[in-house]
Amino acid sequence: MALRQLRKAHVHQAVEGHKPSEMTLLICLARKSRSAEEGLKVSEISRLLGITPPTVTQLINSLEAKDMVERQPDPSDRRVVRIRLTEQGRVITRKAREHMDASLNKLVEYLGEEESTLLADLLLKVHEFIENNPRPDLDRLQMNGDEKLD
């Protein structure tokens with residue numbers, strides 16, 4: 001229940017009118033692009049974020065309309081399109097990172113050193129558990145007959 005409440009609180013936080021999913025994509029681009037000019041392919045973003053390419057494309061369309069990202073042809077293969085941050089995208093990503101750092105510093109201050117260390121250790125264990133116990137593929141689960149009642 002605590003994890004659900006934490007996720008619910010996070011989902012409702014937006015940075016300057018940008019949805020959390022948009023911010024996640026912007027931060028992914030900022031962190032994973034080898035250079036500001038190169039950007040990432042949609043398939044790379046999809047793999048890194050664990051979401052489908054059509055979902056990534058919808059997010060890119062939304063961010064492109066807000067002048068946060070741009071599509072650029074790959075110089076070595078004109079069939080490939082790379083997504084990169086615009087200057088405005090870099091500014092908002094920098095602000096989001098500063099906001100996250102300040103929030104984490106406040107949390108550490110609130111919890112104290114001992115509880116912060118305990119929380120970090122527990123979160124690492126939770127991450128390990130999730131990595132070792134992936135969610136089931138709901139499309140592959142066997143039907144049990146109850147689906148007719150829905």
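**Core, strands and salt bridges of a predicted model**

Leu26 is in contact with Leu63, Met68, Val69, Leu85, Ile92 and Thr93, leaving aside its neighbours within four places in sequence. Contact here means heavy atoms within 4.5 Å. The structure is a predicted model, in which local features need pLDDT of at least 70, side-chain atom pairs count only at pLDDT 80 or more, and totals for chains, interfaces and linings use all residues. Residues are numbered from 1 along each chain as its sequence is written, and side-chain values use heavy atoms, with hydrogens and water left out.

Leu26 also belongs to the largest nonpolar core, which has 17 residues. A nonpolar core is a set of buried Ala, Val, Leu, Ile, Met, Phe, Trp, Tyr and Cys residues joined through side-chain atoms within 4.5 Å. Buried means under 20% relative accessible area, exposed means over 50%, and partly exposed lies in between (1.4 Å probe, protein chains only). The residues with the most contacts inside this core are Leu25, Leu26, Leu29, Ile45, Ile60 and Val69. Helix H2 (20-32), helix H4 (53-65), S3 and H5 each supply at least two of the core residues. H2 gives the most, with 5 residues. Helices (H or I, at least four residues) and strands (E, at least two) are DSSP runs, numbered from the N terminus.

Strand S3 (residues 77-85) pairs with strand S1 (residues 40-41) in the antiparallel sense over 2 bridges. Two strands pair if DSSP finds at least two bridges between them. Leu40 has Ile83 as its bridge partner in S3. S3 also pairs with strand S2 (residues 69-74), again in the antiparallel sense, over 6 bridges. A hairpin of 2 residues joins S2 to S3. Across this pairing, Glu70 stands opposite Arg84 in S3.

Glu70 and Arg84 also form a salt bridge, with the closest N and O atoms 2.6 Å apart. This pair links distant parts of the chain: Arg84 lies in strand S3 and Glu70 in strand S2, 14 residues apart. Glu70 is partly exposed, with a relative accessible area of 24%. A salt bridge is a side-chain nitrogen of Lys or Arg within 4 Å of a carboxyl oxygen of Asp or Glu. Side chains of opposite charge can pair when their charged atoms come close.

The whole structure holds 8 salt bridges. One of them joins the side chains of Arg82 and Glu44 (3.5 Å, N to O). Arg82 is in strand S3 and Glu44 is in helix H3 (residues 42-49), so that this pair links distant parts of the chain, 38 residues apart. Arg82 counts as buried, at 10% relative accessibility. Glu44 counts as buried too, at 15%. Another salt bridge brings together the side chains of Glu64 and Arg71 (2.3 Å, N to O). Glu64 is partly exposed, with a relative accessible area of 32%. Arg71 counts as partly exposed at 31%.

The surface carries a nonpolar patch formed by Leu104, Leu107, Tyr110, Leu119 and Leu123. Together these residues have about 510 Å² of accessible area, as given by the Shrake-Rupley method with a 1.4 Å probe, where for residues only the protein chains shown count as cover. Patches are made of residues with over 30% relative accessible area and no salt bridge; like charges are joined within 9 Å, and nonpolar side chains (Val, Leu, Ile, Met, Phe, Trp, Tyr) within 5 Å. Leu119 is found in helix H5 (residues 87-132). Leu119 is partly exposed, with a relative accessible area of 31%.
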